[in-house]
Amino acid sequence: MTQQTAVSRPVDARPAWHRRPLPRFVAKRLAASVLILFGITVISFLLTQAVPGDPALANLGQRATPEQIANYHRVHGLDDPLPVQYGRYLVNLLHGDLGVSQQTHNPVMADLGSFVPATLELALLAVVIAVLVGVGFGVLAALYRDRWPDYLLRIVSLSGISVPVFWLALVLLYVFFYLWSILPGGSRLDPDLVPPEKVTGMYTVDALLHGQWGIFGNAFSHLILPAVVLAASSIGLLTRYTRTAVLEVIDQDYVRSARAQGLPERTIVFSHVLRAALPAVITVIGLLFANVLTGAVLVENIFSWPGLGRYGFHAATTLDLPAIMGVSLFVALVYLVVNFVVDLLYGVLDPRIRVT
Amino acid sequence: MFTARKAGPPRVRRTGIVALAAAGALAMLLSACTTATSVDQISESGTSDQSSSAAAPATSGSAATSDAGGDTTSGAAGDTKTLTIDSSFIVTSMDPSRAVTPTQSVATRAMYDTLLRTHGEDTTPEPSVAKSFDASDDAKTYTFHLRDDVTFADGSKLTSADVLFSLQRLAALKLGGSYLMDGLTVTAPDPATVVISSKDPKPAIPIIVTTPAFAILNSAMVKAAGGTDAKDAPEKDKADTWFNSHSAGSGPYILQSYKTDDSITLVRNDKYWGEDKGEFDRVVIRNMTAATQLLNVQRGKNEIALDLSATQSASLKGKDGVTVRTDPSSSVFRVQMNMDPKASTVAANPHIQAAVRYGINYDAIVQLGGEGAVQAAGIVPSTLPGALPASEAIHQDVAKAKAELAASGIDKPSLTMTYPSDINVNGLEFATLAQRVAADLQAIGFTIKLEAQPVATYLPEWVKGKTEMTLTYNYPDYMDSSYYSSFVPGTSSDSQRAGWNTDVPALSQLRDEINSTVDDAKRASLMQDLQRKFNENSPYIPLMQTAQTVVSTSNLTNVVLDPSWILDVAAIGTK
């Protein structure tokens, strides 16, 4: 008979949630995010004040009289000291009020609710295309390292990064819309169609939810060209990153062992190599999604896509301060959320990584 | 004692599942926030995404609404006729009393009526809501007699109370178009009569009331939406957001939806009182870049492109399926010097101004303007009575320019020419013209520094009257040459922007005479005299009057540019 010896462990006096890594991580990131967002509001506010220009004239036009300009300043509180203006903005923000756009005369929240889904719809398709094509190309390039498929795919990826977005957009419009008439040119829907009733704001999703297959098809066809243009540079980047990440893994011992054990190459590539290479690629995908969501202004302008990029650009050129602040906050929020999601996914994909 | 742990999934996998769930929840929260916000905003203020069919309370129009279910691949009704107008959107508000922009004017013309109206290129006021008007001999009082059969889209009758409310609100809001009401008072002695009185003689009143800012609103609807014509309207008027999803007019169309920076959709007003009911059931004004407009109009149906440049439209000449129409625009480019020595001793020197005036190669400038562009002999465009004939245009005279330069007494004069960099006029970029002017002046001995600025930063400095030299343009807010009397020095904003603040008695007298002359022909003649004096000595150096091109699919008829309203969609038909 063996006697069991009790092993005494030191008592951990921390609260239960603090002892568990994931809740602690989430709490820390949330606190940091609030501070970062606050900092963004301060920086955005100061930068907009530093721009030499008068929102009154930008909104009233060149015929505005001095009395009209003075009245505009008074009504919009532009005569108040800067700390008062900022304080008022912050108090409203805490109540969920981002102010009223001086250009659209809509609440900025409402404008964001209108423009963000349009950009989100575009960004999602662009990222799906970029991931499928870019990761696929990257894996192929790595598998055929230093052979002609590798060289060809690297040239293609470099072209994707190098080609100017506006040029590519115009060329695709000219070829697919003007010459071949197989895809529409510009906007989200044909002018003689009525958009589906709003649920998400994404025409394709809303049309599907309402069973409007014709509208879905038309909206999707309008989505293709701008999404492809938006995906083009991302494909290039993803190809290169994926190739590098796969090459780092493909020569590992366990991969050689898997081959020696006679596993099919497809199983080796997808279950072992790609799985191990994904964490690095996921980071890039996350950042690409954020970039695409917040930086699609050129594509949106060329394809007349009423998204966040165009709204932000218009706000900047007309010194629409509430809209500028609203867009800045949203962009910051997107990057914060994306980085957080990527960090979480890291832990999911790679068991070696612990959230501490 | 050792206690066996309860069996379960490994800790790593549990953590992974929780992490995935947290990531998915956060992503959904972000997406839900934008969607829920827009839904909340719609229910609170009835605005935001404006894709609702809540445009007009009573009239449904004959085209699809966004509540149409099913698979509407060609609109709700299979034979809905849609006119598509592509424009580089400039819309700041759908409230005609708040702002007037070219794109908005097209929609406002279709949705609203004015006391008098113009038709196409003819800027002569004709009866509209007012069947006639009387003018006092001193041009200070204008009495308008209203028709008794005009109704708004909701069926209510248009009376003088609506006109009174609309004009008073325009004045009270103190926004872009409000200055047109300066010095004017409006009264409504009875439901069918409106009297507009002016402090000073104002023979241009019949023209002014034809402009978009004088659109007549359904006062009951606007008041119910929070609109007011009281003196505190700048703070108290809350109808601006309401106008983004509703119209309050009596025109042949009503607003179905306005998507900010994207499109304006109009549907037919079945209760329209007038004769020009419009051939199209639906009109969509879309925001498109000029490059995309060029492609769309060649591929579309019932389509109009408004913003093609002379070069772009030249490429379409002779092509099947499109009609290109080029008309003189009312935009006049000019170089403007500064008359204030405190702003610039160089620019304020009259010999320097003369040297600039005679040093510019006007023929080359006109070539840059493309087909249809002409040299501007004066600041009044040829589309208005009172424009100087082309024979009186100043031509380049290098010898004279150099002589004036030498007479200035300034050795190696240097000037900074500022211009707006992010706008173009009828497809023409300011930078192109600025570089041409600079090259001409440098050839005769000037040093010209070009300073491009975004409009938002250009305007404040220009308005203050501190800009040494600028390249700018003007488009009249109403089609009467008396509009340009504000360029006379004194208290007017246009002369102040040129630093021209000292009263010149001869010019002031001429201005007063122009403004008090009722006879149109005599007024036009006096305006020509004023421009001759400007061409002798003033900060204004007219360069070029541009041309405006409108391209349409060739099945459309009566696509004519209107100087005040750009297009009258109700007048457009098909072959």
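## An enclosed strand and its partners

In this predicted model, strand β14 (residues 414-420) of chain B has 5 of its 7 residues buried, so it is largely enclosed by the rest of the structure. One of its partners is strand β17 (residues 447-453) of chain B, which runs parallel to β14(B) and is joined to it by 7 bridges; within this pairing, B:Ser414 has B:Thr447 as its bridge partner. Strand β18 (residues 469-474) of chain B also pairs with β14(B) in the parallel sense, over 2 bridges, and here B:Met417 stands opposite B:Met469.

| Strand pair | Sense | Bridges | Bridge partners |
|---|---|---|---|
| β14(B) and β17(B) | parallel | 7 bridges | B:Ser414 and B:Thr447 |
| β4(B) and β5(B) | antiparallel | 5 bridges | B:Asp134 and B:Thr143 |

## An open antiparallel sheet

Elsewhere in chain B, 4 strands form an open sheet with antiparallel pairing, in the order β4-β5-β7-β6. Because β4 (130-135) and β6 (184-190) of chain B stand at the edges with a single partner strand each, one side of each is left without a neighbour in the sheet. From one strand to the next, the twist averages 20°. Helix α3 (residues 160-173) of chain B packs on this sheet, where it touches β5, β6 and β7 (193-198) of chain B, and its direction makes about 165° with that of β6(B).

## A helix with a buried side

Which residues of helix α12 (residues 398-408) of chain B are buried? They are B:Ala401, B:Glu404, B:Leu405 and B:Ser408, and because they cover an arc of only 105° around the axis, they lie on the same side of α12(B). The buried residues of α12(B) pack against α10 (350-359) of chain B, whereas the face turned away from the buried side carries the exposed residues B:Ala399 and B:Ala406. After α12(B) comes B:Gly409, whose phi is positive, near 80°.

## Nonpolar cores

The largest nonpolar core has 79 residues, and those with the most contacts inside it are A:Leu112, A:Val246 and A:Phe303. Helix α6 (residues 108-143) of chain A gives the most to this core, with 15 residues. Leaving aside neighbours within four places in sequence, A:Val246 is in contact with A:Val139, A:Ala142, A:Val273, A:Leu274 and A:Ala277. Apart from this core lies another, of 52 residues, among them B:Ala130, B:Ile207, B:Tyr484 and B:Tyr540.

## Confidence

The model scores ipTM 0.78 and pTM 0.81. Chain A averages a pLDDT of 84, with 91% of the residues scoring at least 70, while chain B averages 85, with 86% of the residues scoring at least 70. Within chain A, confidence is lowest in helix α1 (residues 16-19), at a mean of 57, and highest in helix α9 (residues 203-209), at 95. In chain B, pLDDT stays under 50 over residues 1-21, for which the model has 13 contacts beyond four places in sequence; pLDDT also stays under 50 over residues 27-77 of chain B, for which the model has 104 such contacts.

How values were computed: Residues numbered from 1 in each chain as written. Chains lettered and ligands numbered in written order. Predicted model: local features only at pLDDT ≥ 70, side-chain atom pairs only at ≥ 80, totals over all residues. Heavy atoms only, no water. Pairing = 2+ DSSP bridges. Axes fitted to C-alpha atoms, helices over the stretch in contact; angles between N-to-C directions. Contact = heavy atoms within 4.5 Å. Buried < 20%, exposed > 50% of the residue type's maximum accessible area, 1.4 Å probe, protein only. Arc of directions from axis to C-beta. pLDDT = per-residue confidence, 0-100. Core = buried A, V, L, I, M, F, W, Y, C linked by side-chain atoms within 4.5 Å.
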